[in-house]
Amino acid sequence: MASISDICNAAISHCGTRSKIASLDEGSAEATACATHFALARDSLLRALDWNFARITGQLGQLQNPPARWVYKYALPVDCLRVRRLNDTPLLLLPETFCEVAADKDSSGAYINVILTNASPLSAIYTARVTDPARWDASFTDAFTYDLAMRVCVELTGKEDRLVRLAQLRQTAIRDAAAAMANEGSGLNRTYLPESLIARGYDDGTLEIGQASQAVSG
């Protein structure tokens, strides 16, 4: 499994330099650049897709004193980066009147994220902030190295022209990762895939994403 330094070194290599780091806090220019962008890049990429390894299902805890326009208020988990489904229904398929994702304050005055709704009880499927690279899927790690490389490349090498190629490689890695994730689930789960992935070969749940659909000859 790749460590944080391994991942950063792959990103640095994508930038076209042979420099290596031993840790994020070693003080080198490469380590400082990676440390600056690592968490931001990780959370952004986690939010981008419904990654299997980061998908958590849980019952939400009800809070008191919802605003007048809603009946219930629920606290979102502290590690929640993006809510995907409520009561097992994708958010995009729910009417606008079903819920509202909002901010609130707890008893100490600290800001928290909440969901306002008229539904009870309420469970959520969400993408969690997974900080341990040992838990990352290999395809996510691969895509992340290109994402991080895009963020640090100009700072480390001054090669702005390399960004176009890095963006292409990043997009390809993300697309392939999304296809691999979809193929780990059932055919029903694949119906929620973006149209761009369905166009790559999805047919009726019997084919893997990315395979060409072939007509059966009689």
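Analyst: Please begin with one residue of this predicted model. Leaving aside its neighbours within four places in sequence, Phe-38 is in contact with Ile-4, Ile-7, Cys-8, Trp-136, Phe-144 and Leu-148. Phe-38 itself belongs to helix H2.

User: Why is Phe-38 called buried?

Analyst: The term buried requires a relative accessible area under 20%. Phe-38 has a relative accessibility of 5%, and therefore it counts as buried.

User: Which residues have the most contacts inside the largest nonpolar core?

Analyst: They are Trp-51, Phe-53, Trp-136, Phe-140, Phe-144 and Leu-148, in a core of 34 residues. Helices H1 (4-14), H2 (29-48), H3 (138-157) and H4 (162-183) each supply at least two residues of this core. H3 gives the largest share, eight residues. Phe-140 touches Arg-42, Leu-45, Leu-46, Trp-51 and Phe-53, if residues up to four places away in sequence are not counted.

User: What makes a set of residues a nonpolar core?

Analyst: Its members must be buried residues of the nonpolar kinds listed for a core, joined through side-chain atoms within 4.5 Å. A second, separate core in this protein has 15 residues, including Tyr-74, Leu-76, Ile-115 and Ala-124. As a general background, nonpolar side chains tend to be buried together in soluble globular proteins.

User: Which residues of H1 and H3 meet, and how many of them are nonpolar, polar or charged?

Analyst: Ile-7, Cys-8, Ala-10, Ala-11, Ile-12 and His-14 in H1 meet Thr-141, Phe-144, Thr-145, Tyr-146, Leu-148, Ala-149 and Leu-156 in H3. The residues of this contact divide into ten nonpolar, three polar and no charged.

User: Why are H3 and H4 called roughly antiparallel?

Analyst: The class of roughly antiparallel takes angles over 145 degrees. H3 and H4 pack at an angle of about 160 degrees, with their axes 8 Å apart. They are therefore roughly antiparallel to each other. H3 passes H4 in a left-handed crossing. In the contact of H3 with H4, 13 residues are nonpolar, one is polar and four are charged. Among the residues that meet there are Asp-142, Ala-143 and Met-150 in H3, and Leu-166, Arg-170 and Ala-173 in H4.

User: How do you know that Thr-127 is buried, whereas Asn-65 is exposed?

Analyst: Buried means under 20% relative accessible area, and exposed means over 50%. Thr-127 has a relative accessible area of 0%, so it is buried. Asn-65 has 67%, so it is exposed. Thr-127 lies in strand E8 (residues 123-128). Beyond four places in sequence, Thr-127 touches residues including Leu-46, Asp-50, Cys-80 and Arg-84. Asn-65 lies in the loop between strands E2 (61-63) and E3 (72-75).

User: What backbone features are found at Asn-65, Asp-88 and Pro-121?

Analyst: Asn-65 has a positive phi of about 60 degrees although it is not a glycine. Asp-88, also not a glycine, has a positive phi of about 65 degrees, and its place is the loop between strands E4 (80-86) and E5 (89-90). The peptide bond from Ser-120 to Pro-121 is cis, with omega near -5 degrees. Pro-121 is in the loop between strand E7 (111-117) and E8.

User: How many helices and strands does the protein have, and what share of its residues is buried?

Analyst: The protein has six helices and eight strands. Buried residues make up 39% of the 218 residues.

Terms used: Residues are numbered from 1 along each chain as its sequence is written. This is a predicted model: local features need pLDDT of at least 70, side-chain atom pairs count only at pLDDT 80 or more; totals for chains, interfaces and linings use all residues. Side-chain values use heavy atoms; hydrogens and water are left out. Buried means under 20% relative accessible area, exposed over 50%, partly exposed in between (1.4 Å probe, protein chains only). Helices (H or I, at least four residues) and strands (E, at least two) are DSSP runs, numbered from the N terminus. Contact means heavy atoms within 4.5 Å. Ala, Val, Leu, Ile, Met, Phe, Trp, Tyr, Cys and Pro count as nonpolar, Asp, Glu, Lys and Arg as charged, and the others, Gly among them, as polar. Axes are lines fitted to C-alpha atoms, for helices over the stretch in contact, and angles run from 0 to 180 degrees between N-to-C directions. Angles under 35 degrees count as roughly parallel, over 145 as roughly antiparallel, 65 to 115 as roughly perpendicular and the rest as oblique. A crossing is left-handed if the near helix is turned anticlockwise from the far one by less than a right angle, and right-handed if clockwise.
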